[in-house]
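Visitor: I'm new to reading protein structures. Could you walk me through this one, a feature at a time?

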Amino acid sequence: MTDAFASVPHEPGAPKPDPIVTAHGVHRHFGGLTAVDVEHFEVQRHAITALIGPNGAGKSTFFNLLTGFDKPQHGEWMFNGHSLVGTSPAKIARAGKVRTFQLTKALNRMTVVENMRLGAAQQSGENFFRALVPGIWSAQEKEITAKAEVLLKRFKLWEKRDDYAGSLSGGQRKLLEMARALMSDPEMIMLDEPMAGVNPALTESLLDHIVELKDEGKTILFVEHDMHMVRRISDWVVVMAEGKIIAEGPPQTVMSNPAVQDAYLGAHHDTDLSEDAS
Amino acid sequence: MDLLLDSINELFAPATAAFALAAIGLNFHFGLTGLLNMGHAGFMLLGMYGYAISTSRGAPIWLALVIAIVVAALFGLLLGWPTLKLRGDYLAIATISAAELVRYLGRSNTLQSLTGGSTGIRGNDFKFTFEELSPFPDENITFLFWTRHGSLSSSWWLVLVAWIAVALFALLYWQLARSPWGRVLKGIREDEDAVRALGKNVYSYKMQALVLGGVIGALGGVLWALGGSVQPDSMGRPTTFWIWTLLLLGGAATVLGPIVGSMIFWMSLVLIKGLASAFIPSSVLSPVEIEPFSLVLVGVTLMCLVIFRPQGILGNKRELAFND
C-alpha cells in the first residue's frame, strides 16, 4: 500500500491528496429506479483503485457515466481538473482516460495488429483527404506498428498478430483490449471486470500487467467481483451498494467494515431467525 | 454462338459498369462500415435527376456532374443526421422509405415540369453534352464481334468512360480501405462502442462513409441514365436489392467484388434468358413469360451461391467464421 493513502480517512467519499478524477452529486435513475446516487468520489493519481459491490450496485452504470457512455440526470465530474459534463466518450478517451468493457469488444474481423493500430491516437491518416495520399501517413504507420509490436510482445500476443481477433480465446481478447487501450498512452485506464471469463492460467499474468501499468505511472480504476484479485493488487477499495458509495478503505480492512458485510450478506445475516429466539 | 457473344457483350456493357459503380458505393456503406443502406436506388435516382435536369436547363457537363454529386451528398447528410446516432436498423428503415419518397416525388404530377412525372426525362434532353465529347466517329463501329454506336446512348464512348470510372473508384476503395481512415470504418463495422472508447468520432466517420458511398451511387445512376433515359420506376426497390445481390455475390468488403458481381449478375441474366428462349418451346413458356422465369432462375442460382459460398466469390471464408 502506498503512503499516499496514509492520511485518507476510511469513509465514503474521502478526499484524496492528489485526485485525478473527482465526481460530485452524480445521480442517474432509469424511470423510478435509482441506479447511481454518488455524493462524492475521488480517485487517487498513480494508484490502483478497485470499485466493488454486490450485483446491481450500480458499478457498471457509474463506470459508464464516468466514461461518457451514459449521461446522468445531474451531477458533475472532473478529470485532471477539467469538467467532463456533456463530453462525448470519444473526447474523454482523447483526454487520456480510456476504458475497456465487461463484455470484451475485440474487433473480430480485423487482425490483432490492426486492432492495435486502431488504438493509436492522433493518426493523420484517419482524415479522409490525407488517407488518399499514403506518403502522408506511412511513416506514422510504421511508428504505430513498432509500438504495437512492443505491446503485443509484452502481452504475449505477438504470435497471434496476423490472426483475426475473433479467433482469440476469451482471456486473450481481454489482453488485446487492454493492450489496444494502451496504444493511445492514456493517463488513466478504466477496466470493467478485467477478470470476467478469463482462464485462471492467464489471471496471474493479467494481474502482473495491471501492476506494471501502475509502476509506469498510470492510474487504474477497475470494477471487479473477484475479491482475490482486489486484495492482491489494489491500493484502495471503494464499495458501492444500491447506487451509493457505502465504504472506502485499504483492501486489507475494508471487507471487515460492517456496512460492507451488510451490503453483501444482508443486514440481518447475524440475526437468528429461528422461532426459539423470538 | 450468338448467345455467347451476347453474354460477353453484357460483361462490359455500360449498364454493368453503372451497377458495378453503384455497388462500389454500397461497398463503402456495408462492406467497410457496416451501414445498412436499403435505399441505394434513391441515391442513384437523385444523381440521375441532378444530372439530367441541370443539363436540360443548359448546364455544362462538369456543372451537371457537380450538381448530381451535391444533391446526393445532401441526401446522405439529411438521412444520416437523425439516424446515424441510432442503431443500424433505423438507417435501413429510413433509407428504404426515403428512396421511395424520392421516386414518388419524381413521378408525381406536381413536379412534372421538372422531372417529367412518371414518364421521366427523355435521353435526348440530357445526353447531348456527353455525346458531343465522344472522340469516336458518329456511326456504328464493329470491334471484334460486337457492334455499338460510336457516341450515341449505349456507345463505345460510354463503355470507355464508364469502365474508367469503375476502375478509378475501385482504386479509390482499395486505397481508402487500406488507410487508417478505412481502419476506423472497419472498426465501426465490428463494434462502434469499442471505436468510441478509443477516442474516434464514430458519428462523423459514419457520415463520411454514407455521403461518399451515396455520391458514388449517384454517379452510377448518371452512367445508367447516359445509356438510356431517366425513368423513376427503374430505380425502385428492386434496383436496390439487385445491387445488394451483386455486391454479396461478388463479395462484400473486397475491391473487385462489386465489379465481378455485377458482371456475373448481368451476364447470367442474358445467358439464362437466351437459353430459356432457345430451348423451352413456346407451348410450355410463352415469350412473355421467359423474362420473369429467367429472373426466378437467377434468384435460385444466387440463393445457391449464398448458401454454398456465403462470403461471395471473392470473399474470405475465414472472416465469416467470426460473424456474430
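**Who touches whom**

Guide: Let's start with a single residue. This is a predicted model, and in it B:Leu21 is in contact with B:Ala165, B:Val166, B:Phe169, B:Ile216, B:Leu219, B:Gly220 and B:Leu223, leaving aside its neighbours within four places in sequence.

Visitor: Which residues have the most contacts inside the largest nonpolar core?

Guide: A nonpolar core is a set of buried residues joined through C-beta atoms within 7 Å. Here the largest one has 165 residues, and B:Leu21 is among those with the most contacts inside it, along with A:Val239 and B:Ala68. H11(B) supplies the largest share of this core, 15 residues.

Visitor: How many residues do the two chains bring to their contact?

Guide: Count each side on its own: 27 residues of chain A are in contact with 26 of chain B. On the chain B side, H9(B) gives the most, with seven residues. By kind, that side splits into ten nonpolar, ten charged and six polar residues.

Visitor: What does the radius of gyration of chain A agree with?

Guide: You compare it with what a compact globule would give. For 278 residues that would be near 19 Å, and chain A has 20 Å, so the two agree. The C-alpha atoms of chain A fill a box of roughly 80 × 40 × 40 Å along the principal axes.

Visitor: What share of the contacts in chain A joins residues 24 or more positions apart?

Guide: Among contacts with a separation of 6 or more, such pairs account for 70%.

Conventions. Residues are numbered from 1 along each chain as its sequence is written. Chains are lettered from A and ligands numbered from 1 in the order in which they are written. This is a predicted model: local features need pLDDT of at least 70, side-chain atom pairs count only at pLDDT 80 or more; totals for chains, interfaces and linings use all residues. The radius of gyration is taken over C-alpha atoms; the globule rule is 2.2 Å times the number of residues to the power 0.38. Two residues are in contact if their C-beta atoms, placed from the backbone, lie within 7 Å. Helices (H or I, at least four residues) and strands (E, at least two) are DSSP runs, numbered from the N terminus. Ala, Val, Leu, Ile, Met, Phe, Trp, Tyr, Cys and Pro count as nonpolar, Asp, Glu, Lys and Arg as charged, and the others, Gly among them, as polar. A residue is buried if 20 or more other C-beta atoms lie within 10 Å of its own, exposed if 12 or fewer, and partly exposed in between; C-beta atoms are placed from the backbone.
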